[in-house]
Amino acid sequence: MPTGMTDKPTLRTVAAEAGVSIATVSYVLSGHRRGQTISETTADRVREVATRLGYRRNDAARAIRTGKSDLVLLSLSVLADPWAQAVAAAVSDAVTPLGKTALIVADGDWRTVLANRTPDVIFIDHVADDPELVDQLEAFADQGVQIVAFSEVLEPRGFDVIRSGAEPRCHLAVEHLLERHTRIGALTSKLEGSPRFDAYRRTMAAAGLPLGEVATFEPHPEGAYRAAMSVLTKPDRPTALYCTTDFAAIAAIRAAHRLRLDVPGDLAVIGVGNTPEGEHLDPSLSTVGPVGFNAALSRIIVGRLTDREGAPGQVFDFPWQLIIRESSS
């Protein structure tokens with residue numbers, strides 16, 4: 001029987017399969033490539049082979065020595081959101097070959113985890129512009145915790161910041177619907193303090209049109225489904241729906257199917273976020289969002305697994321785009 005079918009895979013096994021040296025495999029899977037010139041293509045191949053062969057590093061001794069937990073902590077605001085689920089899956093796939101475990105917690109619970117453990121990297125998908133919170137993040141960064149924070153307004157202070165430029169581009173979704181529709185409704189998680197909903201309000205006003213039927217939803221798919229049903233059963237229902245998240249748009253399509261409405265024939269639908277689930281929906285979901293975000297975020301997190309203590313942090317910008325698919329065409 002071939003080697004590797006019964007034996008536990010080793011660095012040598014992975015190296016032979018990937019066609020690289022054992023040292024290269026060691027550098028890639030440890031996350032420590034300082035001074036090494038290893039292309040991303042080679043690194044991706046090594047990680048793919050390690051995953052396929054089921055190779056895992058034995059980092060117990062390292063954990064005892066360094067106090068690190070080999071955790072990558074993902075703090076996600078809405079765990080039921082397909083966007084959050086796709087982020088979790090992509091990051092987990094990227095860090096597992098490195099001997100890391102992705103731990104997913106609800107929004108805000110990262111503080112509790114940090115009180116007891118020291119993750120190697122933390123990704124927080126929403127950070128408010130709160131001076132006390134920012135001071136906390138900076139203090140943790142000073143302790144050696146690598147932090148990647150999603151914020152449109154924060155500046156790096158020992159941690160990295162991801163920006164999307166989402167709010168200025170949400171108007172593109174509404175403008176797209178206005179090309180064929182005037183009765184455009186909206187599903188939103190909140191009416192006030194939501195830049196995504198404000199984009200709908202401003203764009204409708206600029207077109208000289210009143211707001212259509214608007215419903216607020218609780219921040220989970222079933223809440224969005226109930227909100228969509230309430231809008232679509234109105235006597236003068238809209239012919240198009242702008243939804244401030246992709247999961248709300250997906251729920252709206254479910255509701256339309258339940259009511260025997262054709263999408264996009266009877267109802268055009270567009271979301272916000274560009275989640276993989278929306279791309280593979282039937283009909284595929286039109287949306288505004290970043291392209292290739294999950295893969296890029298995974299690369300950033302893998303890069304932060306190297307020793308970067310004392311680094312000032314940097315900004316990663318992911319501009320959003322209008323992506324027209326079947327649900328509104």
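Of the 329 residues in this chain, which is shown here as a predicted model, 50% count as buried. The accessible surface of the chain comes to about 15300 Å², and carbon and sulfur atoms account for 50% of that area. In its secondary structure the chain has 13 helices and 12 strands. Among the contacts that link residues at least 6 apart in sequence, 70% join residues at least 24 apart.

From this overview we can turn to one pair of helices. Helix α1, residues 11–18, and helix α3, residues 40–53, have axes that come within 9 Å and cross at roughly 120°, and the two helices are therefore oblique to each other. The crossing of α1 and α3 is right-handed. On the α1 side the contact is made by Thr-13, Val-14, Glu-17 and Ala-18, which meet Arg-45, Val-46, Val-49, Ala-50, Arg-52 and Leu-53 in α3. The residues of this contact between α1 and α3 divide into six nonpolar, one polar and three charged.

A single residue elsewhere in the chain gives a further example. Ser-298 lies in helix α13, which spans residues 293–304, and because its relative accessibility is 7%, under the 20% limit, Ser-298 counts as buried. Which residues is Ser-298 in contact with, leaving aside its neighbours within four places in sequence? They are Ala-90, Val-91 and Ala-94.

Notes
Residues numbered from 1 in each chain as written. Predicted model: local features only at pLDDT ≥ 70, side-chain atom pairs only at ≥ 80, totals over all residues. Heavy atoms only, no water. Axes fitted to C-alpha atoms, helices over the stretch in contact; angles between N-to-C directions. Helix = DSSP H or I, 4+ residues; strand = E, 2+ residues; numbered from the N terminus. Parallel < 35°, antiparallel > 145°, perpendicular 65-115°, else oblique. Left-handed = near helix turned anticlockwise from the far one by under 90°. Contact = heavy atoms within 4.5 Å. Nonpolar A, V, L, I, M, F, W, Y, C, P; charged D, E, K, R; others polar. Buried < 20%, exposed > 50% of the residue type's maximum accessible area, 1.4 Å probe, protein only. Areas by Shrake-Rupley, 256 points an atom, 1.4 Å probe, with all protein chains shown as cover.
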